Amino acid sequence: MNLKEDFYQKANSWWWTGRTDEGYPHNYFHQNITCVDAQNDTLPTPGENRGFGIVGYCCQEGVRRNHGRIGAAHGPRAIRNMLGPLAVHYAKKPRLIDLGNIHCLHEEMEATQILLSKQVFNLLDSSYMPILMGGGHDMAYGHFLGIQKFLAEKKKRLGIINLDAHFDLRINLKNGHSGTPFYQISQCYEKPQEDFHYLCLGIQQASNSQLLFDTAKSLEVEYLLANQMTEKNLGVISESISTFLSKIDQVYLSIDLDGFASAFAPGVSAPSPMGFTPQVAMEVIDQIASSGKLLSMDIAELNPTFDQDNCTARLAARLINHTVTTLLAC
């Protein structure tokens, strides 16, 4: 795959560490990872196993442009550090590969997004489910471009479910940033009101201006507010997701860690004490995964600079492992 060499960093086995149990070669996440050089290697065939491909998006340029806290470029490294040691209990043995990182250099965020889209397409075209780790939420635009290319001739209706405090529907005619990706995605459709299927879960009114609510309305975006994302309200959440899933064929799941209450996710670009809990998020993941429609996912906005005891990185790692575990049990 043609990648700009200075933007691409191949995966290394020393990124994945953790304890081992004698006689049990697959007990921990790090023991199941195969590192792949996306520049020079052919992706191994998943075969009968379910395939998952990890890619790091080491970019904070979109956050900088959006006046957020700098540090998200180090998110992928922190997630790997917490993911590797996790004990795994998979119903079936998966094919887990790490394709390495895409780095944003010289503030060239748009080039970084294009390179990411190539990684996503390559994974999907090789029967792997992409799991992207960020990095700013501008990752979502590059992620979508790869999915769009893959689905171009398949006549599949794509739906995007975003666990987030923000719509990320800002209109910026000059350049994109971490607050614009889903508006940019909407503009990739000839008829956005009909073809752009977007459900945002966890919207905080204090973090989204009336302009953003008006933009969401004009694009017929579906959403639940943060105060609706509670364990007592799981029935309403489930019904909203079921209704959305009935309209589409494939799901791209995006998880912005700033949607969680800062008690659970202090290490993000835009923290808030008013978000949802990990328990609610995992219920959402379970429902999407069990639908059989989950095509791809990403986790955005981890900022290790402001994390506490790796709490947010641990949360991101648990969400990834929970998703893989749930999918393998389906």
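A salt bridge is counted here when a side-chain nitrogen of Lys or Arg lies within 4 Å of a carboxyl oxygen of Asp or Glu. The model is predicted, so to speak of local features requires a pLDDT of at least 70 and side-chain atom pairs count only at pLDDT 80 or more, while totals for chains, interfaces and linings use all residues. Residues are numbered from 1 along each chain as its sequence is written, and side-chain values use heavy atoms, with hydrogens and water left out.

**First stop: the network**

Select Glu61, Arg64, Arg65, Glu107 and Glu110, which are linked in a network of salt bridges; the structure holds seven salt bridges.

Begin with Arg64 and Glu61, whose salt bridge has its closest N and O atoms 2.7 Å apart. Both residues lie in helix H1 (residues 61-65), three residues apart, which is about one turn of the helix; helices (H or I, at least four residues) and strands (E, at least two) are DSSP runs, numbered from the N terminus. Arg64 counts as partly exposed because its relative accessibility is 41%, whereas Glu61, at 7%, counts as buried.

Next, select Arg65, which also forms a salt bridge with Glu61, the closest N and O atoms being 2.9 Å apart. Since Arg65 and Glu61 are four residues apart in helix H1, about one helical turn separates them.

Arg65 is buried, with a relative accessible area of 17%, while Glu110 is partly exposed, with 34%.

**Second stop: a charged patch**

Finally, select Glu190, Glu194, Asp195 and Glu220, which gather in a patch of negative charge on the surface. Patches are made of residues with over 30% relative accessible area and no salt bridge, like charges being joined within 9 Å and nonpolar side chains (Val, Leu, Ile, Met, Phe, Trp, Tyr) within 5 Å. Asp and Glu count as negative, Lys and Arg as positive, and His and the chain ends are not counted.

Glu220 counts as exposed because its relative accessibility is 52%.

Technical notes: Areas by Shrake-Rupley, 256 points an atom, 1.4 Å probe, with all protein chains shown as cover. Charge placed at Lys NZ, Arg CZ, Asp CG, Glu CD. Buried < 20%, exposed > 50% of the residue type's maximum accessible area, 1.4 Å probe, protein only.
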